[in-house]
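Please open the model in your viewer and keep the selection panel at hand.

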Amino acid sequence: MFTFPLSAVRAVIARGEADAAANGGFRNPHYGLAPGKDEKRGLWLVGDQGVYICSNGKLPDGGKPMVCYADECNPGSNLDWWEYKRRYFGGDDVLSAEGNGACSQGLSVRQHALAA
């Protein structure tokens, strides 16, 4: 299971929508197979140097998407990220494109409790 903070997921979605509005829509990871088709909003689950989600909003040339690392696979805060990624996601670099239902099996979004 991979856990993502709700506020960070919301920020990634908002940034992706802003990127799409400013740069002409959404990216399709399979663009070469069907150019101009199936380019709709969504989240990408990426496994490379850690595991993170990012939006598929089109970016300006040289632009980088906002990302949200899984708590378990954040190289900046979890020394065991590589072992966890390899065990639950595999050792290869992977991109999984998800539609609006990105929070599916194996993904969990957590909301921090607000202090009273």
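**A cavity and its lining**

Select the lining of the second largest cavity: its residues divide into three nonpolar, two polar and two charged (Ala, Val, Leu, Ile, Met, Phe, Trp, Tyr, Cys and Pro count as nonpolar, Asp, Glu, Lys and Arg as charged, and the others, Gly among them, as polar). The model is predicted: local features need pLDDT of at least 70 and side-chain atom pairs 80 or more, while totals for chains, interfaces and linings use all residues. Residues are numbered from 1 along each chain as its sequence is written, and side-chain values use heavy atoms, without hydrogens and water.

The lining consists of Val12, Arg15, Gly16, Asp19, Ser55, Pro65 and Met66. A cavity is a set of points on a 1 Å grid over the protein atoms alone where a 1.4 Å probe fits but cannot get out, and lining residues have an atom within 4 Å of a point. Helix H1 (residues 6–23) gives the most to this lining, with four residues; helices (H or I, at least four residues) and strands (E, at least two) are DSSP runs, numbered from the N terminus.

**Glu72**

Next, select Glu72, in the loop between strand S4 (67–69) and helix H2 (81–88). Glu72 counts as buried because its relative accessibility is 16%, and buried means under 20% relative accessible area (1.4 Å probe, protein chains only). Show the side chains of Glu72 and Thr3, which a polar contact of 2.8 Å joins.

**Strand S2**

Finally, select strand S2 (residues 43–48), where five of six residues are buried. A hairpin joins S2 to S3 through one residue.

Conventions
On a 1 Å grid over the protein atoms alone, a cavity is a set of points where a 1.4 Å probe fits but cannot get out, and a pocket is an open set with protein on both sides within 12 Å along at least five of seven lines; lining residues have an atom within 4 Å of a point. Buried means under 20% relative accessible area, exposed over 50%, partly exposed in between (1.4 Å probe, protein chains only). A polar contact is a pair of N or O atoms within 3.5 Å; within protein, one must be able to donate a hydrogen and the other to accept it, and residues adjacent in sequence count only if both atoms are side-chain atoms. Two strands pair if DSSP finds at least two bridges between them.
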